[in-house]
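Reader: Hello! I am new to this and would like to learn how to look at a protein model. Could you guide me through one, step by step?

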Amino acid sequence: MPRLAAEVGITVSVRTLRRVARRLGYTWKRCRRSLKGKRNAEAFKAMQQQLAGWHAAEARGEVAVVYVDECRFSRLAPVPYAWQRRGAPAVPLPGVGHGAGGQSVLGFWQPGLAGQPLTAYALPGAWNAESFAAAVQAFVAEEVRGPTVLVLDNASIHRAACVRERQAAWAEQGLRLCFLPAYSPELNKIETLWHRCKHYWLTPADYASDCALQERVAYVLANVGTHYTVTFG
């Protein structure tokens, strides 16, 4: 500000600059990291078209398109925003140590089907290749009733040998794995579900204790498709 005043010979307040910026169409918001610059644009577009084709077939009842990914729910996770009264102190959350609770959820979500069914498995620790393969095996046995496409990213546990070894058997039961192009999280629709869970459907009060958080996460996930739905444009 002093430098600007020295160059133009006038003093402009920060409030004035903000007002001018808003009039010009600017808004103050957080910048977000993006992986778009690293991905293959042609592969991204081709996968978009492939997914659109599968969803069209899904609407005809020919195939189920299921998105899968892991998500960590923990009291250590940041809760950056919440609706709070203007002028009141920020809502305090209990401080926790690095060993505090939490759970990792692996979700299998079919957003294109009425009711948006979600099958979720939870672990206190991180998922590894063996536990992931076991969860897919359970999903196949419990939920797969016809041709099913499992859409997932290229995480190392998804590409592990114990997963590859079972793919032929899963294919015989109707399940095929579709790996998304690198750096394309936007194509995995379950990422949107996780975002809604953490930023809209969980509240600061849910982080009061490990038990409260676990119970609330279980409730939300059990009611996806009824009380909690996602609309895609």
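Author: Gladly! Let us begin with the overall make-up: the chain comes to 7 helices and 5 strands. Please keep in mind that this is a predicted model.

Reader: In what order do the elements of the chain run from the N terminus on?

Author: They run α-α-α-β-β-β-α-β-α-β-α-α.

Reader: What share of the residues in the chain is buried?

Author: Of the 233 residues, 35% are buried. The chain exposes about 14,800 Å², and carbon and sulfur atoms supply 54% of that area. As for contacts between residues with a separation of 6 or more, 70% of them join residues 24 or more positions apart.

Reader: Now to the helices. How are two packed helices described?

Author: Take helix α4 (residues 129-143) and helix α5 (residues 161-172), which pack at an angle of about 15° with their axes 9 Å apart. Angles under 35 degrees count as roughly parallel, and therefore α4 and α5 are roughly parallel to each other. Their crossing is right-handed.

Reader: Which residues of α4 and α5 meet?

Author: From α4 come Ala-129, Glu-130, Phe-132, Ala-133, Ala-134, Val-136, Gln-137 and Val-140, and they meet Cys-162, Val-163, Arg-166 and Trp-170 in α5. By class, the residues of this contact divide into 9 nonpolar, 1 polar and 2 charged.

Reader: At what angle do α6 and α7 pack?

Author: Helix α6 (residues 190-201) and helix α7 (residues 210-222) pack at about 125°, and their axes are 12 Å apart. That angle makes α6 oblique to α7. Here, too, the crossing is right-handed. Trp-194, Cys-197 and Trp-201 on the α6 side meet Arg-216, Val-220 and Leu-221 on the α7 side. This contact has 5 nonpolar residues, 1 charged residue and no polar ones.

Reader: How far apart are Leu-150 and Leu-175 in sequence and in space?

Author: They are 25 residues apart in sequence and 7.0 Å apart in space, C-alpha to C-alpha.

Reader: And the loops? Where is the place of Gln-110?

Author: Gln-110 sits in the loop between β2 (103-109) and β3 (118-123). With a relative accessible area of 12%, Gln-110 is buried. Not counting residues up to four places away in sequence, Gln-110 touches Glu-58, Ala-64, Val-65, Val-66, Gln-116 and Pro-117.

Reader: What about Tyr-183: where is it found?

Author: Look in the loop between β5 (175-179) and α6. Tyr-183 is not a glycine either, and its phi is positive, about 60°. Tyr-183 is partly exposed, with a relative accessible area of 38%.

Key. Residues are numbered from 1 along each chain as its sequence is written. This is a predicted model: local features need pLDDT of at least 70, side-chain atom pairs count only at pLDDT 80 or more; totals for chains, interfaces and linings use all residues. Side-chain values use heavy atoms; hydrogens and water are left out. Axes are lines fitted to C-alpha atoms, for helices over the stretch in contact, and angles run from 0 to 180 degrees between N-to-C directions. Helices (H or I, at least four residues) and strands (E, at least two) are DSSP runs, numbered from the N terminus. Angles under 35 degrees count as roughly parallel, over 145 as roughly antiparallel, 65 to 115 as roughly perpendicular and the rest as oblique. A crossing is left-handed if the near helix is turned anticlockwise from the far one by less than a right angle, and right-handed if clockwise. Contact means heavy atoms within 4.5 Å. Ala, Val, Leu, Ile, Met, Phe, Trp, Tyr, Cys and Pro count as nonpolar, Asp, Glu, Lys and Arg as charged, and the others, Gly among them, as polar. Buried means under 20% relative accessible area, exposed over 50%, partly exposed in between (1.4 Å probe, protein chains only). Accessible areas come from the Shrake-Rupley method with a 1.4 Å probe; for residues, only the protein chains shown count as cover.
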